[in-house]
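Dear colleague,

Please find the structure below, handed over for your work. My notes on what was found in it follow directly after.

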Amino acid sequence: MSMMNITIDGKTTQVPAGSTILDAAKKLNVHIPTLCFLQMDELKFNNMVASCRICVVEVENRRNLAPACATPVMDGMVVKTNTIRVLNARRTVLELFLSDHPKDCLVCAKSGNCELQDLAEYFGMREVGITGAMSTYRQDVSPSIIRDMDKCIMCRRCETMCNNVQTCGVLSGVNRGFDAVVAPAFEMNLYDTTCTNCGQCTQVCPVGALVENDHTWKVIDAIADPDKVTVVQAAPAVRAALGEACGMEAGQSFTGKMVAALRRLGFDHVFDTDFAADLTIMEEGSEFLDRLQKFLDGDKNVRMPIMTSCCPGWVKFFEHQFPDLLDVPSTAKSPQQMFGAIAKSYYAEILGIPREKMVVVSVMPCLAKKYECSRPEFAVNGNPDVDIVISTRELGRLIKRMNIDFAKLPDEDFDNPLGASTGAAPIFGNSGGVMEAALRTAYELATGETLPAVEFEAVRTLTGVKTAEIQVGPHTLNVGVASGLGNARKLLEMVQSGEKQFHVIEIMACPGGCIGGGGQPYHHGDMELLAKRNKVLYNEDAGKEFRKSHENPYIIELYEKFLGKPLSEKAHHLLHTHYFKRHQL
Amino acid sequence: MVDKNQLRIATRNTGFIDPESVESYIAVGGYQALGKCLAEMKPADVIDLMKNSGLRGRGGAGFPTGVKWGFAAKYASDTKYVVCNADEGDPGAFMDRAVLEGDPHNVLEAMAIGGYAIGGNKGTIYIRAEYPLAIARLKLAIQQAKDMGLLGDNIMGTDFSFDIELKYGAGAFVCGEETALIASMEGNRGEPYTKPPFPAEAGYWDKPTIVNNVETLANIPAIIMKGADWFSGIGTETSKGTKVFCICGKINNVGLIEVPMGTSLKTVIYDVGGGIPGGKEFKAVQTGGPSGGALTYKDLDAPIDYENLVARQSMMGSGGMIVMDEDDCMVSVAKFFLDFTMDETCGKCTPCRIGSKRLYELLDKITIGQGTEADLDKLRSLSDNIKDTALCGLGQTMPNPVLSTMRVFEDEYRAHVIDKKCPAGVCADLLEFTVVDEKCVGCTLCARVCPVNCISGKPKEVHVIDQAACIKCGACLDKCKFDAIIKQ
């Protein structure tokens with residue numbers, strides 16, 4: 001590849017052809033402020049629309065200033081990044097932004113996590129010299145996401161994420177001029193669109209224009225209500241990232257401290273979604289073996305592959321985008337909903353209280369879970385199986401608000417019976433984890449033999465699409481794993497066209513799986529961070545006494561005392577669901 | 001009417017032939033240029049001829065057409081596109097429309113020549129949907145040309161094939177910018193993107209694409225037939241051929257003209273345009289539409305060409321020419337253009353989306369008498385920064401009307417902010433209508449026409465206007481037969 005010489009602020013270097021001025025500046029350790037730019041190569045996510053104009057630099061022999069993020073280096077280019085002309089231009093651009101921004105940082109969900117706020121500080125803005133009318137737009141509140149377009153700076157990251165990475169196509173630029181804004185088609189509300197609530201837009205939004213629908217005060221109210229029994233469950237990926245939201249280093253397991261924190265928040269029973277993950281494997285694994293057997297016997301009424309159904313973003317995605325495949329995903333509910341159903345039946349019976357007295361709170365790495373628990377099929381007589389869902393970020397806020405010193409908490413254990421889990425459960429948070437957990441159980445159920453090695457390395461990478469052939473007894477299974485909805489679409493199109501016959505497919509809507517969920521502490525495109533979270537969950541699995549879901553003694557007890565056996569009528573009633581054809585626009 | 005100051009090349013056939021008849025076009029030599037290219041010239045020869053002719057883009061920026069074609073020819077690709085930019089959107093300009101409605105085959109022939117030159121066989125005309133007659137005539141012309149083997153497969157029996165389709169724009173001004181035009185043609189939101197890569201390398205569907213304006217194309221068959229020397233013999237050192245202008249505003253002969261490059265503004269305004277109506281004094285002329293600047297009596301003798309206009313802080317633009325007289329307020333003129341660009345910016349980049357609004361607001365503040373001297377500084381510095389940072393040509397030129405009027409008519413701006421007066425008597429908030437006591441005969445006419453009843457006075461006595469209630473509509477001034485009401 002040919003190399004280009006470039007001089008930036010007097011320092012010279014060589015970069016490969018096709019590099020941008022910003023790439024070269026990074027190499028030279030010259031800081032150029034950026035705002036709209038976001039590069040996440042591993043996700044194939046590049047937002048290089050060059051719309052914000054904060055990164056402009058002076059290029060010799062060029063008439064106007066050039067955006068460093070999107071201007072390719074030409075051989076012999078001479079660039080200056082800190083002249084008065086550049087500083088004035090950047091300052092003007094920033095003042096223009098601030099002149100059309102609410103500046104209500106005191107009550108903004110992104111305060112402290114806002115790239116515009118950081119820039120204002122970086123430029124030492126103490127007053128905004130440019131003033132004028134502000135754009136106004138109605139607030140759009142979906143169960144998962146709040147869109148406050150008054151704060152939007154038109155960086156278009158959400159649009160790139162929604163269209164190019166997730167291929168949902170919900171968000172795009174509408175209107176012209178000062179009224180230009182990012183919105184769904186026909187300026188519909190998010191709730192009425194094909195939005196999957198995956199929340200990845202909130203992960204990339206640099207400001208407070210796209211944030212989660214915060215339910216922390218609802219949780220506080222429920223805990224404070226003396227007439228309610230509060231039951232909390234925490235999803236696997238939460239424990240891999242919660243510390244980050246509480247000021248601790250990433251890459252550690254926060255399980256014990258998380259349990260202690262939940263107890264100190266005042267929840268009456270602190271349980272684990274991992275328990276429900278083991279339960280999911282029992283149902284989904286059995287369903288898979290049942291369907292596989294029928295398929296191999298030539299039953300025309302069953303279709304392969306079976307697809308996982310744990311991820312509510314993914315579920316809504318296929319309901320909108322692939323309505324002809326509604327009979328393909330497993331009918332098993334997600335672990336969150338299985339937990340809710342069991343808590344408000346089995347556990348309410350144990351406590352001897354009516355389900356209405358119980359409030360089930362979920363802590364999830366996910367924003368789509370907020371939507372999922374509101375789906376009418378997950379309620380009995382209007383009483384939802386899961387009442388409130390908060391994200392990892394929100395739990396972090398709650399912990400701080402309740403004066404809990406997270407770092408100094410002791411490690412504590414979950415309550416029983418809904419707190420016990422095997423190593424198959426925590427890995428649900430990683431892309432490939434549900435597949436691995438299912439294979440461990442399916443293998444032993446199908447063959448009656450002990451699985452020689454429980455780790456399926458082929459599905460453990462952070463790659464977006466993974467395929468492998470796995471031997472289960474006499475069967476060679478083609479398995480596919482995708483994380484990110486764009487990758488999911490690729491796999492589904494292969495299924496639709498018959499290009500490849502899969503037996504099992506696992507899909508998670510977010511990059512890297514739940515560890516990169518829309519409700520996790522902001523990853524700001526840092527894939528190394530996701531790799532650290534990923535490792536935490538695999539370590540947790542490795543440290544468990546039992547590694548396979550069907551070995552969980554409390555699961556065995558649940559079936560013995562309450563459900564009968566997997567796929568029993570009672571299990572069907574409580575743990576399985578059905579899907580709906582939804583509009584495609 | 002023969003006018004010795006005009007020379008018609010691009011519009012040579014408009015008005016003279018039946019635009020709905022291909023035979024009529026052929027009768028005046030139509031499609032001979034395409035035939036000549038296919039029979040006698042290699043693609044490289046055509047490009048050389050275009051380069052030698054010195055033809056430059058008539059859409060505004062003035063990029064040499066032959067060079068653009070040369071770039072596109074250089075890139076190897078299975079498909080290349082010739083795009084005709086017919087998204088004419090400058091206020092008060094309709095040069096392209098006249099050519100498309102009056103001589104559609106001329107444009108089709110030129111596109112086929114362009115396709116032959118760059119090695120492309122697909123053409124698209126991006127035309128605004130508000131030009132229904134032009135669309136109808138283009139459709140008819142394409143069909144006629146196909147029927148005669150002048151378009152489609154194996155044109156004139158050669159192995160060159162070229163097809164043309166129409167794409168309709170929804171009337172967004174920014175879609176005249178070539179990258180936004182391409183985005184719109186692909187079905188995306190009409191927004192520009194950062195160059196490079198230029199369309200000649202990766203344009204429509206990422207294929208090499210040349211985007212040429214209607215008027216540029218309309219010159220090409222004539223250049224092919226008459227040669228590069230003929231064309232480059234017309235005009236100035238750097239600007240060859242002619243330019244079509246749409247002259248309007250305070251001018252006697254409103255309409256389309258085509259004059260050789262290098263013609264002076266004075267000739268255009270006074271000889272071709274017939275001067276200013278009503279014996280009023282010429283004040284300024286805006287060339288380059290909303291992206292250009294105001295030229296004054298100081299510039300009247302300047303020969304019109306690309307470089308000269310830029311040197312005088314205006315630009316050629318696509319050919320809009322708005323003439324203003326002593327009754328025009330230059331602050332209001334700048335505000336008018338900003339109002340236009342503020343509505344037409346796509347909103348992609350910050351300086352254009354928010355900056356245009358802020359410029360407009362500052363101008364508005366000045367015209368309603370609330371401006372300060374500090375606002376003039378703000379206007380200037382904001383304009384400079386927008387020019388320096390905006391993403392596309394629209395944003396980079398949007399402050400031009402402000403900067404040029406501020407430079408040439410600074411006194412007028414200062415009168416607005418310091419004296420709170422509008423010298424041209426346009427800005428209503430700065431005007432006062434008063435009765436001249438000596439002239440008023442007390443006829444009561446003014447009191448009777450006043451829509452807000454703010455004029456009082458008994459018959460045959462001097463009337464008085466209540467300034468607090470006056471809405472400055474000017475009805476009294478128009479009605480008074482004794483010149484007893486003045487505005488100042």
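Please keep in mind that this is a predicted model. I begin with a sheet in chain B: five strands make up an open, mixed sheet in the order β6-β5-β9-β7-β8 (chain B). At its edges stand β6 (255-260) and β8 (293-295) of chain B; each has a single partner strand, so one side of each has no neighbour in the sheet. On average, and with direction ignored, neighbouring strands of this sheet are turned by 30° against each other. Within the sheet, strand β5 (residues 242-249) and strand β9 (residues 320-325) of chain B run parallel and are joined by four bridges. I247(B), for instance, has M321(B) in β9(B) as its bridge partner.

The axes of helix α3 (residues 43-53) and helix α4 (residues 65-74) of chain B come within 7 Å and cross at roughly 150°. Because angles over 145 degrees count as roughly antiparallel, α3(B) is described as roughly antiparallel to α4(B). The crossing of α3(B) past α4(B) is left-handed. From α3(B), the contact involves P43(B), I47(B), M50(B) and K51(B), while α4(B) supplies T65(B), G66(B), V67(B), W69(B), G70(B) and A73(B). Sorted by class, this contact has six nonpolar, three polar and one charged residues.

Turning to the domains, the assignment for chain B gives domain 1 (22-232), domain 2 (242-325), domain 3 (330-419) and domain 4 (432-487). The C-alpha centres of domain 1 and domain 4 of chain B are 59 Å apart.

Chain A is divided into domain 1 (3-122) and domain 2 (288-331 + 421-575). Taken over C-alpha atoms, the centres of these domains of chain A are separated by 42 Å. Their contact draws on six residues of domain 1 of chain A and five residues of domain 2 of chain A. On the side of domain 1 of chain A that touches domain 2 of chain A, there are three nonpolar, two polar and one charged residues.

Finally, the contact between the two chains takes 29 residues from chain A and 28 residues from chain B. On the side of chain A, the elements giving two or more residues are α2 (84-99) and β10 (172-174) of chain A. The largest share of that side, seven residues, is from α2(A). By class, the side of chain A that touches chain B has 16 nonpolar, 10 polar and three charged residues.

With kind regards

Notes:
Residues are numbered from 1 along each chain as its sequence is written. Chains are lettered from A and ligands numbered from 1 in the order in which they are written. This is a predicted model: local features need pLDDT of at least 70, side-chain atom pairs count only at pLDDT 80 or more; totals for chains, interfaces and linings use all residues. Domain bounds come from an automatic or database domain assignment. Two residues are in contact if their C-beta atoms, placed from the backbone, lie within 7 Å. Ala, Val, Leu, Ile, Met, Phe, Trp, Tyr, Cys and Pro count as nonpolar, Asp, Glu, Lys and Arg as charged, and the others, Gly among them, as polar. Two strands pair if DSSP finds at least two bridges between them. Axes are lines fitted to C-alpha atoms, for helices over the stretch in contact, and angles run from 0 to 180 degrees between N-to-C directions. Angles under 35 degrees count as roughly parallel, over 145 as roughly antiparallel, 65 to 115 as roughly perpendicular and the rest as oblique. A crossing is left-handed if the near helix is turned anticlockwise from the far one by less than a right angle, and right-handed if clockwise.
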